[in-house]
Amino acid sequence: MDASRPTGSALDLAVPARREETGTGDGNAPEPRRRAPAQLRGLDGLRGLAALYVVLFHCWLYTFPGYPHSSAPPWLGGLMFGRLAVVFFLVLSGFSLAISPARHGWRPSGAGEFLRRRAWRILPPYWAALALSLLVSWCVVPASHFGPPTGATVLVYGLVAQDMVTAPTPNGAFWSIGVEAELYLLFPLLLLVRRRWGAAVLAAAVTLPVVVLGLTAPGANPVEGDNWLAPHLAPVFAAGVAGAGIVTASDRVRRLPWGWFAVLAALPVLVLGAVRGSAWTVNHYFWIDLAVAPAMTMLLAAVATGKPALLLRLLTARPVHGLGSFSYSLYLIHLPIVLAVIRRIAPHFVSPGLPTFCFTLAVGLPVSTCTAWLFSRLFEIPFKKNRSWKSFVAARSGAAVRSPGISP
């Protein structure tokens, strides 16, 4: 796999399509957003923390060479598992998107409408981040050891086809956007299976083919390339879809200690990783991804049902929840900034290794966060608040009319 597009990148795409949060239902006019329940705002907090971990992972990855046998100090080893962040985001994506269908008998609003809303939500900030990443890659620092982006890059990444077609990347985090886009196409089918045959059949139908593929690979451990990752990662997305049913289950099911279930489910994976070592874990992500998805699903179920209370208070605290509100933008644009700091700015001030890492945390982390906040105000939040061009234009026109010096 291309080292410029590390396996630990992650994404933040899943914003629950909750009818009670925004919109009038006709998609034509904006409506003031109502305050979401604390449990669902806790999911936003999880997005924020996961996105922050991705930034830290990339600061670590591009400072210390040799991944997964990194030259970083051992006490920084906890930053090397960025791949698990993408698994978490995919579980969270399936979970969040399935909450509304679960509340309505697992019936979607229609495949065409779902895909339109996903495209409206995802593509504008993605295309803006693509333009920024291309500019940085051409003028400041390439994002790939294959060199600067080419015309094929613009075409492939512009069409969000990077999981199917290889081209020099303009941003190493973009690989997972292509995976998520393909999983969106699968989402209506997953809902159909869940509605007709239940969660167990859904999990088995998606997971068993992947397990068979893994067992038949040389050494029973498939080697992943730069793309075609969506089939492997579909089970973790489906796990989130199935887990959303807990939110609408009976009180008896909702009161179960899902947080402790998550700990118990994660414990064997953690023990195996500790015994076999970090490099072994990274080289066996194919199986680790599948093994850790149930624990992640149970964690989401715990938060969505209001437990544990201490964790929920942390996740709904203003700084964490606020970070979650622009986590997608942070994911999209942080890597060009981090690369520019590590490869163009830091060498003028500090020596390689740990000094560069600390310099990147001191400079690249706050710059990435502040820039992402501004980026979200320009390219993400307007499309979250307005669900159609008509609504978007009406909102922009209304803002212009209210501006000082402009007559109504």
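**View 1. A nonpolar surface patch that includes W260.** W260, F261, V263 and L264 form a nonpolar patch on the surface of this predicted model. Areas come from the Shrake-Rupley method with a 1.4 Å probe, and for residues only the protein chains shown count as cover. Patch residues have over 30% relative accessible area and no salt bridge; like charges are joined within 9 Å, nonpolar side chains (Val, Leu, Ile, Met, Phe, Trp, Tyr) within 5 Å. W260 sits in helix α9, residues 258-276. Helices (H or I, at least four residues) and strands (E, at least two) are DSSP runs, numbered from the N terminus. W260 counts as exposed because its relative accessibility is 62%. Buried means under 20% relative accessible area, exposed over 50%, and partly exposed in between (1.4 Å probe, protein chains only).

Residues are numbered from 1 along each chain as its sequence is written, and side-chain values use heavy atoms, without hydrogens and water. Local features need pLDDT of at least 70 and side-chain atom pairs count only at pLDDT 80 or more, while totals for chains, interfaces and linings use all residues.

**View 2. The R83–E224 salt bridge.** R83 pairs with E224, with the closest N and O atoms 3.0 Å apart. The pair links distant parts of the chain, 141 residues apart: R83 is in helix α2, E224 in the loop between α6 (199-216) and α7 (230-243). Both residues are buried. A salt bridge is a side-chain nitrogen of Lys or Arg within 4 Å of a carboxyl oxygen of Asp or Glu. R83, E224 and D289 are linked in a network of such bridges. The count of salt bridges is five.

**View 3. The R121–E380 salt bridge.** R121 and E380 approach to 2.8 Å between their closest N and O atoms. The pair links distant parts of the chain: R121 in helix α3 and E380 in helix α15 (residues 354-385), 259 residues apart. R121 is buried at 7% relative accessibility. E380 is buried at 1%.

View 4. R116 and E113 meet at 3.1 Å, N to O. They are three residues apart in helix α3 (residues 111-139), so about one helical turn separates them. R116 is partly exposed at 34%, and E113 is partly exposed at 32%.

**View 5. S93 in helix α2.** S93 lies in helix α2, residues 83-103. S93 is buried, at 0% relative accessibility. The C-alpha atoms of S93 and L183 are separated by 9.7 Å, although these residues are 90 apart along the chain.
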